[in-house]
Amino acid sequence: MNDFPQGMVWLVGAGPGDPELLTRKAERLIASASVIFHDALVAPGVLALAAPRARLVHVGKRSGRHSKAQETIDSLIVEAALAGHRVVRLKGGDPAIFGRATEELDACRAAGVAVRICPGVTAASGAAASLGASLTLRGLARKLTFVTAHVRAGEALSLDWASLADPEATLAVYMGKSSAGAVSRGLIEAGLPGDTPVALVEAASLPEERQFHTRLDLLPLVARSALGDGPALLLIGQAMARRDGVTATSSAAFTVNS
Ligand code: SAH
């Protein structure tokens with residue numbers, strides 16, 4: 001294939017999980033690869049598209065669990081390419097969003113290995129699609145902010161709350177499950193109303209997907225009590241207000257759709 005010679009690396013977006021949310025290019029590259037390095041977040045249905053003789057290498061990357069160091073991943077990818085493989089580095093969602101793509105691009109370029117990116121559907125888009133909601137809303141949510149709430153062990157979450165607490169924005173918080181309390185507190189202290197609508201989507205687009213609707217002041221409770229083990233995205237802002245008559249201000253702390 002012209003765009004995938006031996007010795008080349010593609011950073012491929014695997015989307016949020018449902019294999020049908022892959023791009024056609026991603027599907028073709030996955031099927032052509034002789035080696036695939038993938039994260040924990042890449043769903044089995046996506047890996048099933050690999051050629052029968054392709055080598056699948058799990059390189060971890062779930063926060064709090066054992067995963068290979070980024071430099072190790074970088075060198076594994078480069079070594080496989082230099083050995084003449086067609087290498088796919090498969091990442092959940094879009095490789096260019098909270099995916100450490102720069103390190104891998106730099107490592108390939110430094111070694112003279114050709115490398116390109118195939119984009120994917122990011123978790124925020126997958127979650128909005130599952131919710132049947134728009135991330136932007138004419139007049140009410142004119143801005144969409146992607147932020148990661150990931151913190152290294154022992155460090156406190158430090159974000160620019162003043163700029164994030166924008167009532168006319170939708171805030172998509174990646175890796176926010178364990179920081180939900182800090183996110184809620186930070187935004188409310190910076191002036192965002194406690195009744196701001198919040199949607200939480202766990203395992204968006206996968207069979208085990210779950211959705212929760214709540215409000216900003218109740219977010220920590222919901223994140224703690226309702227979310228399970230899967231990857232979860234927090235969507236905060238007026239665009240997440242329920243439009244089907246169910247209000248998050250009812251006596252329940254949250255409503256569930258699954
Ligand atoms: N590159 C990825 C993001 C990687 S960071 C992308 O573009 O989507 C990993 C975080 O993404 C998870 O902690 C979670 O917040 C989010 N995420 C990934 N897949 C998800 C899914 N199927 N459902 C909900 N959130 C998901």
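User: Let us begin with the ligand. How many residues surround the ligand, and which are the closest?

Analyst: The model is predicted, so read each distance below as a computed value. The shell around the ligand holds 17 residues. The closest are Asp94, Ile97, Thr122, Ala204 and Ala232.

User: Which N or O atom of Thr122 faces an oxygen atom of the ligand, side chain or backbone?

Analyst: For a polar contact, look for a pair of N or O atoms within 3.5 Å. In Thr122 the atom belongs to the side chain, and it is 2.6 Å from an oxygen atom of the ligand. Asp94 uses a polar backbone atom, 2.8 Å from a ligand oxygen.

User: How much of the accessible area of the ligand does the protein cover?

Analyst: On its own, the ligand has 540 Å² of accessible area, and the protein covers 92% of that.

User: Now salt bridges. What is the general idea?

Analyst: Side chains of opposite charge can pair when their charged atoms come close. A search of the whole structure gives 10 salt bridges.

User: Where in the chain do Arg28 and Asp3 lie?

Analyst: Start with the pair itself. The side chains of Arg28 and Asp3 form a salt bridge, at 2.8 Å from N to O. Arg28 is in helix 1 (residues 24-32), and Asp3 is in the segment before strand 1 (9-13). The two are 25 residues apart, and the pair links distant parts of the chain.

User: Are Arg28 and Asp3 buried or partly exposed?

Analyst: Apply the cut-off: under 20% relative accessible area is buried, over 50% is exposed, and partly exposed is in between. Arg28 is partly exposed because its relative accessibility is 30%. Asp3 is at 18%, so Asp3 counts as buried.

User: What distance separates the closest N and O atoms of Glu104 and Lys91?

Analyst: These atoms are 3.2 Å apart, and the two residues form a salt bridge.

User: How do Arg210 and Glu202 meet?

Analyst: Their side chains meet in a salt bridge, 3.0 Å from N to O. Arg210 counts as partly exposed because its relative accessibility is 28%. Glu202 has a relative accessible area of 4%, so Glu202 is buried.

User: Which residues do salt bridges with shared partners join into one network?

Analyst: The network holds Asp39, Arg89, Lys91 and Glu104.

User: Where do Met175 and Ala203 lie?

Analyst: Met175 sits in the loop between strand 7 (169-174) and helix 7 (180-189). Ala203 sits in the loop between strand 8 (197-202) and strand 9 (210-215).

User: Are Met175 and Ala203 buried or partly exposed?

Analyst: Met175 is partly exposed because its relative accessibility is 39%. Ala203 has a relative accessible area of 5%, so Ala203 is buried.

User: Which residues form the nonpolar patch on the surface?

Analyst: Met175 is one of them; the others are Phe98, Leu144 and Phe146. Together they have about 320 Å² of accessible area.

User: Last, how do I read contacts across the sequence?

Analyst: Trp161 and Ala190 are 29 residues apart along the chain, yet their C-alpha atoms are separated by 6.0 Å. Trp161 lies in helix 6 (residues 161-164). Trp161 is buried because its relative accessible area is 17%.

User: What separates the C-alpha atoms of Ala199 and His213?

Analyst: The distance is 4.6 Å, for residues 14 apart along the chain. Ala199 is in strand 8. Its relative accessible area is 0%, so Ala199 is buried.

Technical notes: Residues numbered from 1 in each chain as written. Predicted model: local features only at pLDDT ≥ 70, side-chain atom pairs only at ≥ 80, totals over all residues. Heavy atoms only, no water. Patch = residues over 30% accessible without salt bridge, like charges linked within 9 Å, V, L, I, M, F, W, Y side chains within 5 Å. Areas by Shrake-Rupley, 256 points an atom, 1.4 Å probe, with all protein chains shown as cover. Salt bridge = Lys/Arg side-chain N within 4 Å of Asp/Glu carboxyl O. Helix = DSSP H or I, 4+ residues; strand = E, 2+ residues; numbered from the N terminus. Buried < 20%, exposed > 50% of the residue type's maximum accessible area, 1.4 Å probe, protein only. Near = heavy atom within 4 Å. Polar contact = N/O pair within 3.5 Å; in protein donor to acceptor, adjacent residues only side chain to side chain.
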